[in-house]
Amino acid sequence: WKYGGDMGGVGKYVTQAGVEIDSSSAFVGEHLDVEVTSKKPANYGDAEAPVGGVDVQVSVSSHGPLGNSTSVCTMTVKGNGSSTLGPCAATSFGDGAVVV
């Protein structure tokens, strides 16, 4: 993400947020689907020194002969350059196993 933006010299804001996939793998016959969403922005500072932030959520689903599984993780990125990775949740349907 890009951070450090300001409005008239005031505040620290996220100017761009996204996800880059470095690598992925799946068994033969499996399919991977990735969905990225940004949640509502929030002010993590105060009125005099705002620090904008946004939650970016990534959902990875696998489906195929072994079953279906989905893992979802959320990261909060802030305009001051800090970030927090929240807990990741996983579900599995059929015979598929999920490790998060």
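**The disulfide and its strands**

A: A hairpin connects strand β5 to strand β6 through 2 residues. Strands here are DSSP runs (E) of at least two residues, and helices are runs (H or I) of at least four residues, numbered from the N terminus. The model is predicted, so local features need pLDDT of at least 70 and side-chain atom pairs count only at pLDDT 80 or more, while totals for chains, interfaces and linings use all residues. Residues are numbered from 1 along each chain as its sequence is written, and side-chain values use heavy atoms, with hydrogens and water left out.

Strand β5 covers residues 52-64, and β6 covers residues 67-78. The two pair in the antiparallel sense over 12 bridges; two strands count as paired if DSSP finds at least two bridges between them. With 18% relative accessibility, serine 59 counts as buried (buried means under 20% relative accessible area, exposed over 50%, and partly exposed in between, with a 1.4 Å probe and protein chains only). Apart from neighbours within four places in sequence, serine 59 is in contact with residues including Asp33, Glu35, Thr70 and Val72, where contact means heavy atoms within 4.5 Å.

Methionine 75 has leucine 85 in β7 as its bridge partner. These strands also form a hairpin, with 4 residues between them, and glycine 81 in the turn has a positive phi of about 95 degrees.

The structure holds 1 disulfide. A disulfide is a covalent bond between the sulfur atoms of two cysteines; here it is identified as a pair of cysteine sulfur atoms within 2.5 Å. Cysteine 73 and cysteine 88 form it, with their sulfur atoms 2.0 Å apart. Because cysteine 73 lies in β6 and cysteine 88 in the loop between β7 and β8 (89-93), the pair ties together parts that are 15 residues apart in sequence. The torsion about the S-S bond is about 120 degrees, and the disulfide is therefore right-handed.

Cysteine 73 is partly exposed, with a relative accessible area of 23%, and cysteine 88 is partly exposed at 32%. Leaving aside neighbours within four places in sequence, cysteine 73 is in contact with Val56, Gln57, Val58 and Cys88. Cysteine 73 and proline 87 are 14 residues apart in sequence, and their C-alpha atoms are 6.5 Å apart in space.
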